[in-house]
Amino acid sequence: MLFLEKFGVLHFYDQIVGVAICVVPAVGAALTKSCDEEYEEIQRLFYVLFGCNCLVLVLDILGILSSGIANVIDSAAMTIGSFRLLWLYNYGKKKSNTFDGFREIRKEIILFTLILLGRNIFAVFAYSDEYIAIFSNVRALVQAAGLMFVGAAQYWGEEYAWRGFLQKPLQEKFGKRWGIVVLGIIWETYHFPLWFTIYDLAIWQVGLRYLITVALTFVLGYFYMKTDNIWAPICGHAIYNAMSAGVLPMEAAVNMGKTGTIVYILLAVVCFSLFALKKEYRKKL
């Protein structure tokens with residue numbers, strides 16, 4: 001559908017499909033794990049959210065709703081769904097605490113954040129004179145904290161599927177490290193509809209996305225193995241998204257060019273990949 005929209009065959013607000021792409025993995029996992037009573041209420045919530053998203057998209061395509069109104073309704077539904085998700089996780093059948101196990105990974109979360117911060121500081125000093133832009137990373141961290149809750153449904157939609165559903169079976173089949181590599185490849189390939197539409201990537205950028213996604217999967221996979229809590233990789237995912245290249249000043253983004261972008265990505269790839277050396281990846285399943 002994104003390709004049809006890009007070439008003018010259909011007309012709708014593409015971000016609505018972007019939200020659907022976040023929700024669909026959880027729906028697929030829920031259908032497969034339909035007998036999982038622990039998450040039964042959350043699974044039903046995602047069926048409703050996916051249904052709302054599809055309905056709004058259809059109304060947008062048919063012109064019954066303007067794209068602006070459709071986006072507002074879709075965003076409101078996801079925000080309400082996020083707060084409902086938090087309530088169900090903490091007070092529903094699951095009756096868990098969102099932050100269970102976070103003490104076990106607090107040092108790693110700080111390290112992960114510092115890696116991203118160091119990469120962004122390097123980019124600002126190497127490719128820009130707007131040094132004050134470094135402080136935008138502080139705003140980004142505040143944003144990440146907010147997105148973890150206000151955008152909980154989107155993040156859960158991905159993490160419940162990739163970490164909660166696929167990670168362990170893939171590790172059992174391919175080994176702890178190779179299972180993560182396979183999961184990272186699957187995760188990035190799933191984003192194929194976005195590559196040449198919303199993201200508008202060049203071919204060489206697709207290769208970089210595979211590298212960074214596999215490396216990031218080692219980090220988020222470690223968070224999940226260490227805590228057995230979906231909210232741990234959700235936290236890491238939110239921090240990563242908030243502190244991505246979007247926080248860089250425009251001057252740096254322009255001046256980086258192809259070589260600078262490759263260096264910028266590879267800095268994170270190398271650092272993230274070191275998480276593969278953690279003890280959890282050496283333990284037997």
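The conversation below turns to nonpolar cores, one leucine and several salt bridges.

Reply: Please do, and keep in mind that this is a predicted model.

Me: Good. How many residues has the largest nonpolar core?

Reply: The largest nonpolar core has 72 residues. Those with the most contacts inside it are F46, F112, W156, F223, W231 and F272.

Me: And which helix gives the most to this core?

Reply: Helix α10, residues 203-227, gives the most, with 11 residues.

Me: What does W156 touch?

Reply: Leaving aside residues up to four places away in sequence, W156 touches A26, Y39, I42, F46, L85, Y89, I230, W231 and I234.

Me: New topic: where is L147 found?

Reply: L147 belongs to helix α6, which covers residues 136-150. Its relative accessibility is 28%, so L147 counts as partly exposed.

Me: What does L147 touch, if residues up to four places away in sequence are not counted?

Reply: On that count, L147 touches A152 and Y155. The C-alpha atoms of L147 and A133 are separated by 21 Å, and these residues are 14 apart along the chain.

Me: Now the charges. How many salt bridges are there?

Reply: The count comes to 6 salt bridges. One of them joins E40 and R44, with the closest N and O atoms 3.2 Å apart. Both residues lie in helix α3, residues 40-61, and are 4 residues apart, about one turn of the helix.

Me: Are E188 and R209 buried or partly exposed?

Reply: E188 has 1% relative accessibility and therefore counts as buried, whereas R209, at 23%, counts as partly exposed. R209 forms a salt bridge with E188, the closest N and O atoms being 2.8 Å apart. R209 lies in helix α10 and E188 in helix α8, so the pair ties together parts that are 21 residues apart in sequence.

Me: What about K226 and E280?

Reply: Their side chains meet in a salt bridge, at 3.2 Å from N to O. This pair links distant parts of the chain, since K226 is in helix α10 and E280 is in the segment after α12, 54 residues apart. Salt bridges with shared partners also join K226, E280 and K283 into one network.

Notes
Residues numbered from 1 in each chain as written. Predicted model: local features only at pLDDT ≥ 70, side-chain atom pairs only at ≥ 80, totals over all residues. Heavy atoms only, no water. Core = buried A, V, L, I, M, F, W, Y, C linked by side-chain atoms within 4.5 Å. Buried < 20%, exposed > 50% of the residue type's maximum accessible area, 1.4 Å probe, protein only. Helix = DSSP H or I, 4+ residues; strand = E, 2+ residues; numbered from the N terminus. Contact = heavy atoms within 4.5 Å. Salt bridge = Lys/Arg side-chain N within 4 Å of Asp/Glu carboxyl O.
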